[in-house]
Amino acid sequence: MPPRERVPPLSAAHGPVGDLGSALDTSAAEELLSRGEITVEGRLTDASNATLYCRVELDGVSRACVWKPVAGERPLWDFPDGTLAGREVATYALSEATGWGIVPPTVLREGPYGTGMCQLWIDGEPAEGLVDLQDPAAPEPGWKPVAQVAVEDGKGGHRPALLVHLDSEPMRRIAVFDAVVNNADRKGGHLLPGADGHVYGIDHGICLHTDDKLRTLLWGWAGEELPEEAVETLRRLRTDLGGALGAALTAHLTADEVDAVGARIEALLRDGKHPLPSQGRRPAVPWPLI
């Protein structure tokens with residue numbers, strides 16, 4: 001994987017971002033991603049779909065970015081072909097509407113190999129300091145338990161361990177966000193630590209289905225009361241769905257998928273709690289875990 005450039009949080013709620021001596025707010029980042037010239041520099045070979053490491057340049061400003069062409073999307077049995085890039089853009093729109101700045105600036109545009117998703121590259125070692133394996137007896141202070149797992153012991157066998165995630169406000173926000181967008185693939189590797197404790201979420205191509213597909217490592221708050229900040233944010237999202245947010249989602253989702261976003265928000269507000277894992281046949285956590 002190419003080296004990551006360390007940048008601070010991107011949304012207006014978290015201030016501007018700096019890169020190579022320049023500063024970009026969210027609007028400027030979107031403009032750069034939308035109009036800049038994209039140069040492919042490499043490919044992330046561990047990704048399921050074609051994911052290219054690129055630079056995008058406009059008016060002398062250059063930033064690293066991720067480019068995912070629609071032509072490189074692997075067909076899935078449960079998601080319509082050619083829709084993953086649009087789902088990434090739709091989750092960005094929802095992220096911006098929350099004010100939490102979870103998803104880096106993301107646009108849909110023409111580029112190498114046709115139409116695709118262009119997203120600002122975020123520095124950070126995936127899952128570092130956010131997901132861990134600890135003593136199976138109990139989590140350490142400041143961590144939430146997810147599941148008992150078996151890990152290799154280096155001697156040809158396995159030992160028990162406790163899969164945990166960090167107990168922090170940014171991580172809890174992502175747990176709420178994932179419930180709204182119906183994230184089917186919240187691996188540890190899709191969590192990136194940012195500056196000042198901020199946490200980014202990436203890889204949202206398989207989100208926003210009408211069916212319940214929530215698969216995540218962030219089950220540590222399952223069944224707990226939602227914090228008041230989350231409740232207020234959900235109420236704002238419910239209102240915004242009737243306006244600009246709803247229009248933005250409609251550009252990338254079906255009417256039923258947009259309605260399902262509203263239904264999930266209503267359910268969260270009605271219950272007032274973090275959702276519990278589904279009891280159906282679908283696993284509650286993704287694989288691989290990281």
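**Entry 1. E266 and R238**

I looked up the pair E266 and R238 first, and found their side chains joined in a salt bridge at 3.4 Å, N to O. The salt bridge rule I used asks for a side-chain nitrogen of Lys or Arg within 4 Å of a carboxyl oxygen of Asp or Glu. E266 sits in helix α6 and R238 in helix α4 (residues 228-240), so the bridge ties together parts 28 residues apart in sequence. Helices here (H or I, at least four residues) and strands (E, at least two) are DSSP runs, numbered from the N terminus.

I noted the provenance: the model is predicted, local features need pLDDT of at least 70, side-chain atom pairs count only at pLDDT 80 or more, and totals for chains, interfaces and linings use all residues. Residues are numbered from 1 along each chain as its sequence is written, and side-chain values use heavy atoms, with hydrogens and water left out.

**Entry 2. Other salt bridges**

I counted 14 salt bridges by this rule. One of them joins the side chains of R87 and E257 at 2.8 Å, N to O. R87 lies in helix α2 (residues 84-98) and E257 in helix α6 (residues 255-271), so this pair links parts 170 residues apart in sequence. R87 is buried at 1% relative accessibility. E257 is buried as well, at 7%.

I then went to K187, which bridges to D185 with the closest N and O atoms 2.5 Å apart. K187 is buried, with a relative accessible area of 12%. D185 also counts as buried, at 12%.

**Entry 3. Helix α4 against α6**

I returned to the two helices that hold E266 and R238. What angle do α4 and α6 make, and how far apart are their axes? The angle is about 145°, and the axes are 10 Å apart. Axes are lines fitted to C-alpha atoms, for helices over the stretch in contact, and angles run from 0 to 180 degrees between N-to-C directions. I read the crossing of α4 past α6 as left-handed. A crossing is left-handed if the near helix is turned anticlockwise from the far one by less than a right angle, and right-handed if clockwise.

I listed the residues in contact (heavy atoms within 4.5 Å). On α4 they are V231, L234, R235, L237 and R238, and on α6 they are I265, E266, L268 and L269. By class this contact has six nonpolar, no polar and three charged residues. In this scheme Ala, Val, Leu, Ile, Met, Phe, Trp, Tyr, Cys and Pro are nonpolar, Asp, Glu, Lys and Arg are charged, and the others, Gly among them, are polar.

**Entry 4. Helix α3 against α4**

I checked the other side-by-side pair on my list. The axes of α3 (residues 169-181) and α4 come within 11 Å and cross at roughly 35°. This crossing is right-handed. E169, R173, V176 and V180 of α3 meet E229, A230, L234 and L237 of α4. The classes are five nonpolar, no polar and three charged residues.

I took the length of α6: 17 residues, reaching 24 Å from first C-alpha to last, close to the 24 Å expected at 1.5 Å a residue. The expected span is 1.5 Å times one less than the number of residues. Which α6 residues are buried? I found E257, V258, A260, V261, G262, R264, I265, L268 and L269. The buried residues of α6 pack against α2, α3, α4 and α5 (244-250). G272 follows α6 and has a positive phi, near 70°.

I repeated the length check on α2: its 15 residues should span 21 Å, and its end C-alpha atoms are 21 Å apart. Of those 15 residues, 14 are buried, so α2 is largely enclosed by the rest of the structure. Just after α2, G99 takes a positive phi of about 80°.

**Entry 5. L58**

I ended at L58, in strand β4 (residues 52-58). L58 is buried, with a relative accessible area of 15%. Leaving aside neighbours within four places in sequence, L58 contacts E31, L32, R35 and G36. The C-alpha atoms of L58 and E31 are separated by 8.7 Å, with the two residues 27 apart along the chain.

How values were computed. Buried means under 20% relative accessible area, exposed over 50%, partly exposed in between (1.4 Å probe, protein chains only).
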